[in-house]
Amino acid sequence: MRDIEIRGDMVRLGQLLKLSGVVDSGGEAKAALGEGLVTVNGEPEERRGRQLHDGDVVAFEDEILRIVAAN
């Protein structure tokens with residue numbers, strides 16, 4: 001599991017996938033989400049705009065990302 005630190009209280013799922021380097025572009029993020037390859041807290045998620053907060057866990061392929069709010 002890899003911690004991804006965010007500024008502020010939330011980040012959108014599409015942004016997180018790009019920020020973490022899991023995908024290279026918004027189009028790639030959209031395709032992965034549309035194919036049901038991404039889960040948030042264990043549940044399949046298709047919305048790029050899904051808001052993620054401190055403690056949320058995102059899984060895509062062999063990557064597991066945990067959101068950590070910066071102090």
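Start by selecting A59: its bridge partner in β7 is I64. The model you have open is predicted.

**The hairpin**

Select residues 57-60, strand β6, and residues 63-69, strand β7. β6 and β7 pair in the antiparallel sense, over 4 bridges. Next, pick F60; E63 is its bridge partner in β7. Together, β6 and β7 make a hairpin with 2 residues between them. Click on E61 in the turn: its phi is positive, about 55°. Then click on D62, in the loop between β6 and β7. D62 is exposed, at a relative accessible area of 70%.

Zoom out to the strands. An open sheet is formed by 5 strands, with mixed pairing. Trace the order: β1-β7-β6-β3-β4. β1 and β4 (43-44) stand at the edges with a single partner strand each, so one side of each has no neighbour in the sheet.

Select residues 2-6 for strand β1. β1 pairs with β7 in the parallel sense, over 5 bridges. For one of the contacts, pick R2, whose bridge partner in β7 is L65.

Turn on side chains. Which residue meets the side chain of R2 in a salt bridge? E63 does, at 3.2 Å from N to O. R2 lies in strand β1 and E63 in strand β7, so this pair ties together parts 61 residues apart in sequence. R2 counts as partly exposed at 32% relative accessibility. E63 is also partly exposed, at 28%.

Move on to D3 and R66. They form a salt bridge, with the closest N and O atoms 2.8 Å apart. D3 is in strand β1 and R66 in strand β7, so the pair links parts that are 63 residues apart in sequence. Is D3 buried or partly exposed? At 43% relative accessibility, D3 counts as partly exposed. R66 counts as partly exposed too, at 33%.

**A charged network**

Last stop: select E45, R47 and R50. The side chains of R47 and E45 meet in a salt bridge, 2.8 Å from N to O. Salt bridges that share partners join E45, R47 and R50 into one network. Check E45 for cover: it is buried, with a relative accessible area of 7%. Across the whole structure, a search finds 4 salt bridges.

How values were computed:
Residues numbered from 1 in each chain as written. Predicted model: local features only at pLDDT ≥ 70, side-chain atom pairs only at ≥ 80, totals over all residues. Heavy atoms only, no water. Pairing = 2+ DSSP bridges. Buried < 20%, exposed > 50% of the residue type's maximum accessible area, 1.4 Å probe, protein only.
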